Amino acid sequence: MSHFARDVIPLANMGVLILPDAQAVSLAAAEAIEAIIREATATRGRAVLGLATGSTPEGAYARLVERHSAGELSFRDVTTYNLDEYYPISPADPRSYRTYMHRHLLGRVDIAPNRAHLLDGSVPESAIAEHCAAFEGWIASDGGLDLQLLGIGRNGHIGFNEPCGLSVDEARRLRTRLVELHPVTRADAVRDFGSAEAVIPTALTLGVATILAARSIVILATGSHKAGAVAAALTGPITAEVPASLLQSVAPRVTWILDRSAASALPGLPAAWPPIN
Ligand code: PGA
């Protein structure tokens, strides 16, 4: 991502871009996504993006829609795969990630509907394993992900790969599958579901192995509630207890884009980073 290399600082061999606020993070993320779309379509004729949901990437999607509406950016040659989906859930459910993606991006740009892929929260239980394997097969047959966009949970999760007691090797081999949501994730989902009882406690998620295989990984975090997870993932040991720390094992392909609050627990940064000009 050479267009913002000037401001990227290295940490654990990963690139870290620290910006003043959430809006700056959204703009930088949108720029990075646009650069990857342009580069991949120029070299391979198409771009394959792994996309994330949640509140963090909303601003980046809004910016991409703006660029599209201004006639500056086309998704004609873009294929997308989403990270996760609640299970069971109807695709038309307003709380589904399919609905989220349609509302924030897919329904507002010129992507071909058959190139926008989400895990299907309505497959029968007996077909989950087959569906997850097929999803990975589609990514592979599209040539793999040019970009995986990620958020980070307060507990350090990526996608719905939750903290767990597996060894690092086992965690790095995790494939796309049905998972149980961690109590912290369920608590944070109350925002979308209205009450703790209404939160769907299980989900389908892309596996750690599939995420780590992306040619480029951009992970976003904003707000002081993410500061602990960000510091643990960037400067703590690589451990399945902090799934985002597994990104350290593919460090050269990873860029973090943080606002000042999310970066506030990183050790060794000047107190007022980034400097105010
Ligand atoms: P958030 O979720 O963007 O809504 O904070 C991030 C995540 O859980 O990955």
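Let me start at one pair of residues: Leu51 stands opposite Asn82 in S4. Before going further, note that this is a predicted model.

That pair belongs to a longer stretch. Strand S3, residues 47–51, and strand S4, residues 78–82, run parallel, and five bridges join them. Now the whole sheet. It is open and has eight strands, and the pairing is mixed. Reading across, the order is S1-S2-S11-S10-S7-S3-S4-S6. So much for the order; what about the edges? They are strand S1, residues 9–11, and strand S6, residues 116–117, each of which pairs on one side only.

Next, two places in the backbone. Most residues other than glycine have a negative phi, and most peptide bonds are trans. Ala12 has a positive phi, near 50°, and is not a glycine. You will find Ala12 in the loop between S1 and strand S2, which covers 14–19. Pro88 lies in the loop that runs between strand S5, 84–86, and helix H3, 97–104.

Now the ligand. Where does the ligand sit? The ligand is in the largest pocket.

For Ser55, the atom is a backbone N or O, and the distance is 2.9 Å. For Arg191, a polar side-chain atom lies 2.9 Å from a ligand oxygen. For Lys226, again a polar side-chain atom, the distance is 2.6 Å. As for cover, the ligand taken alone exposes 280 Å², and the protein buries 82% of that.

To recap, please look at two things on the screen: the open sheet of eight strands, and the ligand in the largest pocket.

Notes. Residues numbered from 1 in each chain as written. Predicted model: local features only at pLDDT ≥ 70, side-chain atom pairs only at ≥ 80, totals over all residues. Heavy atoms only, no water. Polar contact = N/O pair within 3.5 Å; in protein donor to acceptor, adjacent residues only side chain to side chain. Areas by Shrake-Rupley, 256 points an atom, 1.4 Å probe, with all protein chains shown as cover. 1 Å grid on protein atoms, 1.4 Å probe; cavity = no way out; pocket = protein on both sides within 12 Å on 5 of 7 lines; lining within 4 Å. Sits in = over half its atoms within 2 Å of the grid points. Pairing = 2+ DSSP bridges. Helix = DSSP H or I, 4+ residues; strand = E, 2+ residues; numbered from the N terminus.
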